[in-house]
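Here are my notes after going through the model you sent.

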Amino acid sequence: MTFGFAPPPSADSVSRVGRMLQPAEWAAAGIPLLRNPREVVTGLHSRHLPTPSTVVVAVLDPDERLTASASFVRRTAAVDGWDFRNALLAQLRRVIPHDLRRRTPIRTAVLLYCREGESRWTDEDGAWMWGLRDACTLHGLRCGAYITLTRDGWRVLGEGRGGRRPHSASLPTELDVAIEGDGDPKALPRPHLGARTALSHSAAV
């Protein structure tokens, strides 16, 4: 019988583990609660129609109205908060100026991630949380809610709030979204989330 020891983890793997937040860390971070999470989720879904692997990052003003948003598809298999942070920061820079000159952030960024699997927390969620928090710091924003969209519905991780609709397979017509002849979705009455500027980008992460 041969005994051996597993090789020590590389510096890169150790750093990757450090670039994610555990549920307890996220809960202790003082993330502001959404006043109406269902409206936020429904508004972002009707605007971006996410499918699994789609990430939607949105910026809300102090009244929880949408200021800007962007969506992109995650294509890399690596789970690393550093890469996620860079992807989120790139999208934020495209859709809204930074608020770094403000002493206190007044706008809040939230992240909606449509993915396969169960709605419970995963290491990937922890990496997205780390990435969102860091991107917000570098763009002068408050770090807001992290929301998953799965087959089970939507869930605000760390808050225990969620619902069955929309979910990762929701169709536009299920959520009062009309598809025009050119294929563009138009919300029928759109909640107050439909605000000044909402841009959608497609990118690989």
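The points below go from the whole chain down to single residues.

1. First, a reminder that this is a predicted model. The protein chain has 5 helices and 8 strands. Read from the N terminus, the order is α-α-α-β-β-α-β-α-β-β-β-β-β.

2. Some overall numbers for orientation. Of the 205 residues in the protein chain, 45% count as buried. The accessible surface comes to about 10,700 Å², and carbon and sulfur atoms own 52% of that. If you take the contacts with a separation of 6 or more, 70% of them are between residues 24 or more positions apart.

3. On to the inside. The largest nonpolar core has 32 residues, and Trp26, Leu88, Leu111, Trp128, Leu132 and Tyr146 are the ones with the most contacts inside it. Strands E1 (54-60), E2 (66-73), E3 and E4 (142-150), along with helices H4 and H5 (123-139), each supply at least two residues of this core. H5 gives the most, with 7 residues. Apart from this core lies another one of 16 residues, among them Val110, Leu112, Ala145 and Trp154.

4. Helix H4 (81-95) deserves a look. H4 has 15 residues and reaches 21 Å from its first C-alpha to its last, close to the 21 Å expected at 1.5 Å a residue. At its start, a side-chain oxygen of Asp80 comes to within 3.0 Å of the backbone nitrogen of Trp82. The buried residues of H4 are Gly81, Phe84, Arg85, Ala87, Leu88, Leu89, Gln91, Leu92 and Val95, and what covers them includes E1, E2, E3 and H5.

5. Which residues is Leu88 in contact with, leaving aside its neighbours within four places in sequence? They are Val55, Val57, Phe72, Leu111, Trp128, Gly131, Leu132 and Ala135.

6. Strand E1 next. Here 7 of 7 residues are buried, and both faces are covered: Thr54, Val56, Ala58 and Leu60 lie on one side, with Val55, Val57 and Val59 on the other. E1 pairs with E2 in the antiparallel sense over 7 bridges, and Val59 has Ala68 of E2 as its bridge partner. E1 is also joined to E3 by 7 bridges, again antiparallel, with Thr108 of E3 as the partner of Leu60. In the hairpin of E1 and E2, 5 residues sit between the strands, and Glu64 takes a positive phi near 65 degrees.

7. Leu60, which is found in E1, counts as buried because its relative accessible area is 3%, under the 20% cut-off. Leu60 and Arg142 are 82 residues apart in sequence, but their C-alpha atoms are 9.7 Å apart in space.

8. Now the charged pair I'd zoom in on. Arg107 is in the loop between H4 and strand E3 (108-114), and Asp99 is in the loop between H4 and E3 as well. Are they buried or exposed? Arg107 has a relative accessible area of 15% and Asp99 has 10%; the cut-off for buried is under 20%, so Arg107 is buried and so is Asp99. Their side chains make a polar contact of 2.9 Å.

9. Arg107 is in contact with Val59, Leu60, Asp61, Thr67, Ile96, Pro97, Asp99, Leu141 and Arg142. Asp99 is in contact with Ile106, Arg107, His139, Gly140 and Leu141.

10. Last, helix H3 (residues 37-48). Its 12 residues should span 16 Å at 1.5 Å a residue, and its end C-alpha atoms are 16 Å apart, so the length agrees. The buried residues of H3 are Pro37, Val40, Val41, Gly43, Leu44, His45, Ser46 and His48. Leu49, which follows H3, has a positive phi near 45 degrees.

Definitions and conventions:
Residues numbered from 1 in each chain as written. Predicted model: local features only at pLDDT ≥ 70, side-chain atom pairs only at ≥ 80, totals over all residues. Heavy atoms only, no water. Helix = DSSP H or I, 4+ residues; strand = E, 2+ residues; numbered from the N terminus. Buried < 20%, exposed > 50% of the residue type's maximum accessible area, 1.4 Å probe, protein only. Polar contact = N/O pair within 3.5 Å; in protein donor to acceptor, adjacent residues only side chain to side chain. Contact = heavy atoms within 4.5 Å. Core = buried A, V, L, I, M, F, W, Y, C linked by side-chain atoms within 4.5 Å. Areas by Shrake-Rupley, 256 points an atom, 1.4 Å probe, with all protein chains shown as cover. Expected span 1.5 Å × (residues − 1). Pairing = 2+ DSSP bridges.
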